[in-house]
Structures are given as structure tokens and as C-alpha cells.
Amino acid sequence: MIAVIADDITGAAEMAGIAHRLGLSVNMSTSPKDIPSCDVSVIATDTRSMTGAEAAEESARVASSLAGMSTVKHIFKKTDSALRGNVVAELTPLLRLTRYREALYIPANPSKGRIIRNGTYYIGEKPIHETDFSFDPEFPAFSSVLTERFPDALESNVHFADAVSEEDIRREVDNAGDDTLLVGAADLFTAFLMKHCRCRGTSSSPKVDIDLSDALIVCGSTQSRAIDCGAETFFMPTDLYDGISGPDGWISEISGHYAANRSIILAIRDRHRTGKESATYLRETMAETVDRFIGIRAPRELIIEGGATAYAILRRLGWDTLTITDEIAPGVIRMNTPAGIHITMKPGSYPWGGLFPSK
């Protein structure tokens, strides 16, 4: 079995979707305990939203659990393809507690125009520090040079490699030794599965139509774009955003509208608060709102944009095990929950893959 440790829930869902598409049996959960027999087990953590020390502690806990499982033959570490997260802090305990002696970190996704050339990370033709990721509230991209972004990597035995094409990715995977932990995003994981598994699926996602007539859509990412699907958007009230008032009034408003019209979009319009404390407050407030709303008006479909928000919502709802049903598009994954509600998630920086048009 291959165990995948992802630093956020949408990244975990993306990995599960890739394995599902390639015809492998997949389990996805928020805990490494009681993993059933399968080809690929994806463990979703929320370490990207933690401090470095907290992320290291959680990484050590997961690594210790996996190290004791004889069924785990390989480990893959999923990280963000835009360099966000506590990368080195998480890899240090993984290298200490597992059989791996070094890590090869390749966050590039050439299939999506995200490449590493001469040690510099580009999105399209722009170095990442010249894109909107320079305004990320928790991990702003102040530099595009990997050794500057992660100055403590080499001393922790974390190495980088250029990747301008998918062929570059495949070559690095083929050349990696058994004691090298591969760390990165979707293109690296796909090549990893092709090397280690007998894949029986296809290389593309089948078209999936979702009935949006009974859907709660939650936009919790700073990278969110407007959605035009015929549903009305309800923005978090500024008083709630600022912590002056509680969510009761907003929940009453959206519940009443949903009863009459079905299908709504929840989003955050204000941008004047920044920092980790603010980000934590906003996702926890959105999670409380969604939890209480579902207790009143359970939708058939729950659609969430943004990994940290999705994790907070799942934790609040108590849904710790999910079954993959569809990969709508790369990174856009639909799953069934213990409550029988279908949930679709995607990272904030990914397109919806035709599920919604973008304005």
C-alpha cells in the first residue's frame, strides 16, 4: 500500500482523485488509524494552517503511526504547488521516523504551467513572487528562488530539482532511490503511481454532471473568483468578519433564502484583515455557519473551495472518512460523506474544470 500524507484536505482529495482515475482502490481519511486494505490511503492533515512547531508535531504523529504498519510499502508527501506550507518543518520528523534518509522536493506541476527552471519557480511565464501568491495571507511569495524560500532545506537533507516538463518529473521519479522520500504535487504523484502501481484507469477525467438545484457552495479561499451558476451569493457580513457580532443573523438569513430558493453561495468579500489569527477565525466562523446551516437545511450537494476552510468544515461536522465517487477535473473531487451528502472540494488556486463558469 502507498500512504499519502497531504498538508491540506483539498490536496488530499486531489491525490485520491488521481489514484481513483488510474483505477486504484483508494481510502481517504483525516487519521492514519484503522486504514482498510487498499492500493492508496490518503491521510489529510491540516498542517498548512498550523505553526511550524505544530506542523512538525503532527507530522511526527502521522509518521510514527505509518512506520508501525507493515502494509505500508511507500510514502508520498503531498505539498502545495504554490510553495505554501511548513514544508521543511514537516519533512524533518518524516525523515527521522521513517526509512527515508533524504527528501526530493519538486512542487512543480508542468501540466498546469507551474515549473522550476534553474532553481526558480514560475507560474506561466512569471516568477511566483510576481503573481497573486505574493499576497497570500499566511505564506506570501516574497521570493521565487527555492533556496531563498526554504533556506534550511539542505541542512535538513531536503533537495530540489528542476522540472520544466512532465518528462523531467518522470525522470526524477525513475532515478530516485528507495531511501528518497518524494515530495510535491499532482504531476509528481502521478509519475510516482505509474512507477509503483499497476494502474488500470485512464489519463483523463470523465465528464460528470452535478445537479446544482440543491447545493450549498462555500468559497473560503483568498484566490476565489466569482461563480455564475444562477445561485445568489451571500457575503459574510462585515460585523461578523470583524468579530463584532456572531453568526446567528447570517445563518437565519441564508437559511430562509435556501428554504425558498435552494442553492446559495457563501463567500467572504472583505479583505482588510490579514495574518494567521484572522485566517483561523474566518475559517472557523465559516465552519460553524455551515455546520449550523446543514442542521437546519441539509443540501444534497456541498461544494467547498479552499483547503483550510474545507478541513475546518469537515472537522466541525465530524466527517472523518470519505469515499471518492468522481474526479470532475484535476483537483476537483466529489465524494460521499457519512451523512449521505455529496461533497465536492478543490484548492482555491485551481479552476473549476467546467463545473462553474468563471467571471
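Which elements each supply at least two residues of the lining of the largest cavity? The answer is in point 2, after the ground rules.

1. **Basis.** This is a predicted model: local features need pLDDT of at least 70, side-chain atom pairs count only at pLDDT 80 or more, and totals for chains, interfaces and linings use all residues. Residues are numbered from 1 along each chain as its sequence is written, and side-chain values use heavy atoms, with hydrogens and water left out.

2. **Largest cavity.** β4 (74-78), β10 (180-184) and α6 (186-196) each give at least two residues to its lining. Helices (H or I, at least four residues) and strands (E, at least two) are DSSP runs, numbered from the N terminus. A cavity is a set of points, on a 1 Å grid over the protein atoms alone, where a 1.4 Å probe fits but cannot get out; lining residues have an atom within 4 Å of a point. The largest cavity holds about 100 Å³ of space. Volume here is the space filled by probe spheres set on the points, with grid points joined across faces, edges and corners. The lining has 14 residues, and H74, G177, T180, F192 and H196 lie nearest the centre. By class it has seven nonpolar, four polar and three charged residues. Nonpolar covers Ala, Val, Leu, Ile, Met, Phe, Trp, Tyr, Cys and Pro; charged covers Asp, Glu, Lys and Arg; the others, Gly among them, are polar.

3. **Second largest cavity.** The count is two cavities of 30 Å³ or more. Helix α1 (residues 9-21) gives the largest share, three residues. The classes are two nonpolar, four polar and five charged residues.

4. **Second largest pocket.** A pocket is an open set of grid points with protein on both sides within 12 Å along at least five of seven lines. The second largest pocket has a volume of about 290 Å³. Of its 16 lining residues, S111, E166, A186, D187 and T190 lie nearest the centre. α1, α5 (166-175) and α6 each give two or more residues to this lining. The largest share, five residues, comes from α6. By class the lining has six nonpolar, three polar and seven charged residues.

5. **Salt bridges, overall.** How many salt bridges does the structure hold? There are 20. A salt bridge is a side-chain nitrogen of Lys or Arg within 4 Å of a carboxyl oxygen of Asp or Glu. One network of salt bridges links D7, D8, R48, D80, R84 and D136.

6. **R300 and D211.** These side chains form a salt bridge at 3.5 Å, N to O. R300 lies in the loop between α9 and β14 (301-305), and D211 in the loop between α6 and β11 (215-219), so the pair ties together parts 89 residues apart in sequence. R300 is partly exposed, at 42% relative accessibility. D211 is partly exposed too, at 41%. The classes are buried, under 20% relative accessible area; exposed, over 50%; and partly exposed, in between (1.4 Å probe, protein chains only).

7. E301 and R334 meet in a salt bridge of 2.6 Å, N to O. E301 sits in strand β14 and R334 in strand β16 (residues 332-336), 33 residues apart, and the pair links distant parts of the chain. E301 is buried, with a relative accessible area of 2%. R334 is buried as well, at 12%. R334 also forms a salt bridge with D326, with the closest N and O atoms 3.1 Å apart. D326 counts as buried at 18% relative accessibility.

8. **D270.** This residue is in the loop between β13 (264-267) and α9 (276-296). D270 is buried yet has no salt bridge. Which side chain of opposite charge is nearest to D270? It is R269, 5.6 Å away. For charge, Lys and Arg count as positive and Asp and Glu as negative; His and the chain ends are not counted. D270 does have a polar contact of 2.9 Å with the side chain of T238, made by its own side chain. A polar contact is a pair of N or O atoms within 3.5 Å; within protein, one must be able to donate a hydrogen and the other to accept it, and residues adjacent in sequence count only if both atoms are side-chain atoms.

9. **R21.** R21 is in helix α1. R21 counts as buried, at 16% relative accessibility. Its side chain makes a polar contact of 2.5 Å with the side chain of E327.
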